[in-house]
Amino acid sequence: GGGGGGDGFDDDGPRGSWDDGVERGSGPAAAASEIKSLRKAVVQAERERQEVVKRASQAARAAQLNLATQSRAAQLNYKEYQKAATAAKSLQQVVVRKEHEYVAIHDEAETLAAERDAAISQLSAAVEENKRLQAENMELQFYKGMAT
């Protein structure tokens, strides 16, 4: 049987388009026409299937890229977080060191104050001792003067 051009009409079968619900005749021409239409439908279905596969793989690729981007962003964020955490830790160490220094300076200042206070009381003791010795000396001088 001879099929016509790809126009959806049978050349040697009953007239009318394939999907108009008209009853088809039997015989080689009708069978050939049906096979042709089925082949077209199969090709069309395959084309649609490939399109769906293509779209699905594009979507999957986009999702993967998105995930990679998000993952990279997450890694960068984590690196930033780590940097900030490290900076905070070293600042904390500086603060602790400064506190220790402050405590040491404070202790030293207290020690120096105590030493100063001790020196002052030694000095005033020496001044008192000096006055006493001077008084004693004057007394001795007085008695010496009396004796001569």
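Buried means under 20% relative accessible area, exposed over 50%, and partly exposed in between, with a 1.4 Å probe and protein chains only. This is a predicted model: local features need pLDDT of at least 70, side-chain atom pairs count only at pLDDT 80 or more, and totals for chains, interfaces and linings use all residues. Residues are numbered from 1 along each chain as its sequence is written, and side-chain values use heavy atoms, without hydrogens and water.

Start with helix H1, residues 28–147. Helices here are DSSP runs (H or I, at least four residues), numbered from the N terminus. The buried residues of H1 are Ala-30, Ser-33 and Ser-37.

Next, the charges. A salt bridge puts a side-chain nitrogen of Lys or Arg within 4 Å of a carboxyl oxygen of Asp or Glu. The count is 9. Among them, Lys-83 pairs with Glu-80, with closest N and O atoms 3.4 Å apart. Both lie in H1, 3 residues apart, about one turn of the helix. Lys-83 is exposed at 55%; Glu-80 is partly exposed at 47%. Arg-116 bridges to Asp-117 at 3.0 Å. Asp-117 is partly exposed, with a relative accessible area of 41%. Glu-51, Lys-54 and Arg-55 are linked in a salt-bridge network.

Finally, the aromatic rings. Rings of Phe, Tyr and Trp (its six-membered ring) pair if their centres lie within 6.5 Å; planes under 30 degrees apart are stacked, over 60 edge-to-face, the rest tilted. The structure holds 2 aromatic pairs. Phe-142 and Tyr-143 have ring centres 5.6 Å apart and planes at 65°, so this pair is edge-to-face.

Notes
Helices (H or I, at least four residues) and strands (E, at least two) are DSSP runs, numbered from the N terminus.
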